[in-house]
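Open the structure in your viewer and keep the selection panel at hand. Each stop below says what to select and what is there.

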Amino acid sequence: MTSFTLTEIVSQLGGELRGDGDTTIERVASLANAKAGQIAFCAHSKYFVLLESCQASAVIVNAQSADICKIPQIITDNPYAYFAKLSALVNPTPALVPGVSSHATVDLTVNIPASCVVMAGAIIGKNVLIGNYVVIGANCVVGDNVSIGDNSVLDAHVTVYANVQIGARCHFSSGVVIGADGFGYAEEKNSHNNSSYWVKIPQVGRVVIGDDVDIGANTTIDCGALDDTVIESGVKLDNLVQIGHNCHIGAHTVIAGCVGIAGSAIVGKHCKIGGAAMILGHLTIVDGVTISPGTMITRSIKQADTYTALMPFQRHDDWLKTAAQVRKLNELTDRIKLLERALNNPKD
């Protein structure tokens, strides 16, 4: 943990300083629990009551809330984002000593740059390309022909299957699995006894991941069946997300925990998908869409907006009827209004 004065913070991160620039900040904290030596932030009017009584040494606020309290302030348009950058500044990632552990297994075809860290138990396959300052954590498995860009970090127990392409500055949390087979089976009838069985479809595509992609713990991204599964630059995936084969996730989209996206779905850029939402396969979602938590997306979305669908479960046939009726509610409402108007004004 590193301490900074408010003047030093503003010189590095920007913002407008109001108050004593020599105030020293050692930690970041919440408005409710901040104490002397700590800095908090206020990003919404519903927290103004806490801001008035805040015990922090300083706060990060926007111009609209700058006059609510009298302690030193950093004024910025986006206090939440500023707070995130400041938290990274005062809580730097511990420096690792470059080198390859003697307990790691690295194929002879692989050149590990001197700036990289490969921890104990890691296994690196044939013809892997590793950029500068890459960290491969304990017990990771990196398959043949994988490429990993500069400054990317694989935490412990990450598995990357063969032929995966990973960009620069990516961070994969423990338990992530990239490039496992997609869920592809063809049903075939047995002519002898009229039963059926499943024939596995080889999954021969890759996973291609852009730059600055963060992937949370135990998230899985399947390789393509024929074409590649693509995760564009800037995407952020939470824990326990499932991305099916041949999906394409657009740049800077964020996806919260327990979301499932079935195969061949296309999600646009700058989308926001809430936790436990489900997206069926072979759908297309345009740029800038927000999907509320728990929502089931069953049709393509062609217009940017916020979409929510929460409905009690029923037998499938009943649910289909209910869904059809719900879609006609606006029409039925208009008809009822016309009937009421006719009843109230019979001469019209």
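How many nonpolar, polar and charged residues are there in the lining of the second largest pocket? The lining has twelve nonpolar, five polar and three charged residues. Here Ala, Val, Leu, Ile, Met, Phe, Trp, Tyr, Cys and Pro count as nonpolar, Asp, Glu, Lys and Arg as charged, and the others, Gly among them, as polar.

This is a predicted model: local features need pLDDT of at least 70, side-chain atom pairs count only at pLDDT 80 or more, and totals for chains, interfaces and linings use all residues. Residues are numbered from 1 along each chain as its sequence is written, and side-chain values use heavy atoms, with hydrogens and water left out.

**Stop 1: the pocket**

Select Leu 96, Tyr 133, Val 135, Asn 151 and Val 153. Of the 20 lining residues, these lie nearest the centre of the second largest pocket. Its volume is about 400 Å³. A pocket is an open set of points on a 1 Å grid over the protein atoms alone, where a 1.4 Å probe fits, with protein on both sides within 12 Å along at least five of seven lines; lining residues have an atom within 4 Å of a point. Grid points are joined across faces, edges and corners, and the volume is the space filled by probe spheres set on the points.

**Stop 2: the cores**

Next, pick Phe 172, Ile 243, Ile 261 and Ile 279. In the largest nonpolar core, which has 52 residues, these four touch the most other members. Such a core is a set of buried Ala, Val, Leu, Ile, Met, Phe, Trp, Tyr and Cys residues joined through side-chain atoms within 4.5 Å. Buried means under 20% relative accessible area, exposed over 50%, partly exposed in between (1.4 Å probe, protein chains only).

Zoom in on Phe 172. Beyond its neighbours within four places in sequence, Phe 172 has contacts that include Val 153, Leu 154, Ile 209 and Ile 215. Contact means heavy atoms within 4.5 Å. Then move to a second, separate core of 15 residues; Leu 6, Ile 39, Tyr 82 and Val 90 are among them.

**Stop 3: aromatic rings**

The whole structure holds three aromatic pairs. Rings of Phe, Tyr and Trp (its six-membered ring) pair if their centres lie within 6.5 Å; planes under 30 degrees apart count as stacked, over 60 as edge-to-face and the rest as tilted.

Select Phe 41 and Tyr 80. Their ring centres are 5.5 Å apart and their planes are at 20°, so this pair is stacked. Phe 41 sits in strand 5 (residues 38-41) and Tyr 80 in helix 3 (residues 79-90), 39 residues apart. Helices (H or I, at least four residues) and strands (E, at least two) are DSSP runs, numbered from the N terminus. Tyr 80 is exposed, at 55% relative accessibility.

Now take Phe 183 and Tyr 185. With centres 5.3 Å apart and planes at 70°, the pair is edge-to-face. Phe 183 is exposed at 72%, while Tyr 185 is partly exposed at 38%.

**Stop 4: positive phi**

Go to Asn 246. Its phi is positive, about 70°, although Asn 246 is not a glycine. The loop between strand 28 (242-243) and strand 29 (248-249) holds Asn 246. At 19% relative accessibility, Asn 246 is buried.

Last, select Ala 276. Its phi is about 65°, again positive in a residue that is not a glycine. Ala 276 lies between strand 33 (272-273) and strand 34 (278-279), in the loop. At 40% relative accessibility, Ala 276 is partly exposed.
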